[in-house]
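Here is a friendly briefing to read alongside the model. Keep the sequence and the 3D view open as you go through the points.

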Amino acid sequence: GDYLGMRLSIEDVDQENLAFFKYCAAGDFRLQRGRQSGLVRYPPTTTCPWTRDRTYDWVSVEGRGTVHSYTEVHHAIQPAFRAHVPYMLLLVDLDTQKGQPTEHEALRVAGNLVTPEGALAPPEMVARVGIGTRVRMVFTKVSEELALPQWTIDDTAVQPATPWRYPQE
């Protein structure tokens, strides 16, 4: 499929990512849960990073969380993104599995900041987001079998009065 005029594809041999993006295309955020560890992982992989077990189940996970970190891009290298600067890439701590396998860990998922409809966020929305902002997942459809998991501000959640942001010039 195409995203912002760029061709996206996943090779047939990449079974884990094919399954992941097909679930996203159906509007279902699913991740792998290792059968031995019982832990959910991202990104999709062939083995559990904690036990090296190759058996897993796909489980639906709620796509809500808190911005752990972000990158605000003002000088896009990829031509397809130049018309959308500034845009924001978020690393989000999911509410699911927080503090596992240790108290300092979380299940973290990356994605662009977008509007609730899935378009890259406008500058005024980018300016509202920082570390601590509560977000929810939305899917940007690329093809019938491929959708990108992205993040939008969760207007139903309590937001920090002032999310932490890098100092602005």
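This is a predicted model: local features need pLDDT of at least 70, side-chain atom pairs count only at pLDDT 80 or more; totals for chains, interfaces and linings use all residues.

Two strands are said to pair if DSSP finds at least two bridges between them. Strands (E, at least two residues) and helices (H or I, at least four residues) are DSSP runs, numbered from the N terminus. Residues are numbered from 1 along each chain as its sequence is written, and side-chain values use heavy atoms, with hydrogens and water left out.

**Strands and sheets**

- An open sheet of 3 strands, with antiparallel pairing, has the order β4-β3-β5. Its edge strands, β4 (40-41) and β5, each pair on one side only.
- Within this sheet, Arg 33 has Asp 57 in β5 as its bridge partner.
- Elsewhere, β6 (residues 64-73) runs antiparallel to β7, with 8 bridges joining them. Ser 69 stands opposite Leu 91 in β7.
- β6 also pairs with β9 in the antiparallel sense, over 3 bridges. Here Thr 66 stands opposite Arg 134 in β9.

**Helix α1 and Phe 21**

- Phe 21 lies in α1 and counts as buried because its relative accessibility is 16%.
- Contact means heavy atoms within 4.5 Å. Leaving out residues up to four places away in sequence, Phe 21 touches Ile 10, Glu 145, Leu 146, Ala 147, Leu 148 and Pro 149.
- Phe 21 and Glu 145 are 124 residues apart in sequence, yet 6.9 Å apart in space, C-alpha to C-alpha.
- Just after α1, Gly 27 takes a positive phi of about 80 degrees.

**The largest pocket**

- A pocket is defined on a 1 Å grid over the protein atoms alone, as an open set of points where a 1.4 Å probe fits, with protein on both sides within 12 Å along at least five of seven lines; lining residues have an atom within 4 Å of a point.
- The largest pocket is lined by 17 residues, and Phe 21, Tyr 42, Ala 110, Leu 148 and Pro 149 lie nearest its centre.
- Two or more lining residues come from each of α1 (15-25), β8 (108-112) and β10 (146-153). The largest share, 4 residues, comes from β10.

- A nonpolar core is a set of buried Ala, Val, Leu, Ile, Met, Phe, Trp, Tyr and Cys residues joined through side-chain atoms within 4.5 Å.
- The largest such core has 41 residues, and among those touching the most other members are Phe 29, Leu 31, Phe 81 and Trp 151. Elements supplying at least two residues each include α1, β7 and α2 (123-126).
- Leu 31 touches residues including Phe 20, Tyr 42, Trp 58 and Leu 107, not counting residues up to four places away in sequence.
- Gln 97, in the loop between β7 (87-94) and β8, counts as buried because its relative accessibility is 11%.
- Leaving aside neighbours within four places in sequence, Gln 97 is in contact with Leu 39, Val 40, Trp 50, Ala 106 and Leu 107.

Definitions and conventions
Buried means under 20% relative accessible area, exposed over 50%, partly exposed in between (1.4 Å probe, protein chains only).
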